[in-house]
Amino acid sequence: MSRLLVTGGAGFIGANFVHYWLQQHPADRVVVLDLLTYAGNMASLALAAGNLQYRFVKGDIGAQGLVEELLVGEELDTIVNFAAESHVDRSISGPDPFIDTNIVGTHKLLKAAKEIWLDGPMAGRAHRFHHVSTDEVYGSLTSEDPPFAETTPYAPNSPYSASKAASDHLVRSYHHTYGLAVTTSNCSNNYGPFQFPEKLIPLVLINILHGKPLPIYGDGLNVRDWLYVDDHCRGIDLILQNGKIGEVYNIGGNNEWTNIDIVKHLCGLMDEVLGADAGLVARFPQTPAAAGKRSDSLISYVQDRAGHDRRYAIDATKSRGELGYLPEESFQSGIRKTVAWYLNHEAWWQAVMDGSYHQEWLAQQYGDDER
Ligand code: NAD
Ligand code: DAU
């Protein structure tokens, strides 16, 4: 039985991980620590709310004292660190929070773990600090390059990926210098339920419903390796169960798409769904199907992202060989499930779009005065 601190558990992957973990490991304790930045959403954790093994704490991974109190008070033996600023475009327009949370925050979390698990009241007990990182730390590939392996040298290109790279190095150093029991995973692009609609896939789905342009950065030929979020959660589970301390594991989907192809694929799926559901078209009168048009008529090429990495691809040979990791969800089924999820959870994304998702939770907790 494990007792987990899941940081960033109100974000996209963190919330999916909490649901995954409570289902797969019902005897385990799961404490979520999340600052509820713009990307954190309590509605994403609503399914967990009645579970007695689950507790939510609003707070910063950089609040070392709070983390130490939680580790001791809840007798936690595992940290899974999802908490981060995660959007590349935001890191270009405003890098500071990326430095604060991804680097300084992760370092405070490491200090808290060292203080309690190595030097303090829980010294000698088995523990694990798992750090969730990204394939972006390896830089950019050409179409001819082999995929990223764990041995690929780091070459981050955006303030986001540089801040993640820095945190990866700090995690590594706390193992080599102090003996903290760490593992790290570097994963490719995730998609699935609860993803904030600033990211490509949910943005495209919601813009199609509203008849808004589908912005394609540059020539649209940048390549990403897409993985259904549950497969990422399973990969982390395998690392927590069987990963070697101090090791890094790549997790990927073996599923490379150019951006323009994935957007066209989404347009085709949406045309299919809208064509079969007159009620849906009536609810979204701006959607192209309402005027007898195709969704890809909304595609609009826009200025490229500064420093835009051309291609990411993951070589997950090590995870497959050591842990038996393989993605289970096919892209065809995963993307259909994702489209269906967004269509069936309009209240979730409408609240995100109109900004009420934070206010509603604060009002429930503290009453209208403290909003
Ligand atoms: P997200 O932006 O959806 O969620 C991040 C969460 O962290 C939010 O709930 C936010 O409130 C919380 N948070 C931010 N700063 C915090 C702080 N200082 N203290 C506590 N909580 C804080 O991100 P995501 O897409 O779910 O990504 C989760 C992790 O996985 C990140 O570390 C990211 O780098 C990594 N990752 C993401 C992807 C992807 O495709 N989304 C792929 C590989 C790795
Ligand atoms: O590779 C893993 C990374 O994947 C994670 O570490 C990041 O946290 C996550 O945000 C994601 O980064 P990307 O930059 O790849 O994801 P995003 O959804 O922002 O963009 C995917 C691709 O689509 C990228 O090449 C930029 C492009 N794009 C994105 C948006 C939002 C567009 O062409 N138009 C858009 O409007």
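The legends below describe close-up views of a predicted model with two ligands.

In this model, local features need pLDDT of at least 70 and side-chain atom pairs count only at pLDDT 80 or more, while totals for chains, interfaces and linings use all residues. Residues are numbered from 1 along each chain as its sequence is written, chains are lettered from A and ligands numbered from 1 in the order in which they are written, and side-chain values use heavy atoms, with hydrogens and water left out.

**View 1. The surroundings of ligand 1.**
Around ligand 1 there are 28 residues, of which I13, D34, S86, Y160 and K164 are the closest; a residue is near a molecule if one of its heavy atoms lies within 4 Å of it. By class, this shell holds 13 nonpolar, twelve polar and three charged residues, where Ala, Val, Leu, Ile, Met, Phe, Trp, Tyr, Cys and Pro count as nonpolar, Asp, Glu, Lys and Arg as charged, and the others, Gly among them, as polar. At least two residues of the shell come from each of α1 (12-24), β5 (128-134), α5 (159-178) and β7 (189-191), and β5 gives the most, with three residues; helices (H or I, at least four residues) and strands (E, at least two) are DSSP runs, numbered from the N terminus.

**View 2. Atom pairs at ligand 1.**
A backbone N or O atom of I13 lies 2.8 Å from an oxygen atom of ligand 1, and a polar side-chain atom of T101 is 3.0 Å from a nitrogen atom of ligand 1. Taken alone, ligand 1 exposes 820 Å², and the protein buries 97% of that, with accessible areas taken from the Shrake-Rupley method with a 1.4 Å probe.

**View 3. The surroundings of ligand 2.**
Ligand 2 has 22 residues around it, and D135, Y160, N189, R305 and H308 come nearest. Oxygen atoms of ligand 2 lie 2.6 Å from an N or O atom in the side chain of D135 and 2.7 Å from a polar side-chain atom of N189. Taken alone, ligand 2 exposes 690 Å², of which the protein buries 94%. Two or more residues of this shell come from α6 (200-210) and from β8 (214-217).

**View 4. The packing of α6 and α8.**
Helix α8 (residues 259-275) packs with α6 at an angle of about 40°, their axes being 10 Å apart; axes are lines fitted to C-alpha atoms, for helices over the stretch in contact, and angles run from 0 to 180 degrees between N-to-C directions. The two helices, α6 and α8, are therefore oblique to each other, since angles under 35 degrees count as roughly parallel, over 145 as roughly antiparallel, 65 to 115 as roughly perpendicular and the rest as oblique.

Conventions: Polar contact = N/O pair within 3.5 Å; in protein donor to acceptor, adjacent residues only side chain to side chain.
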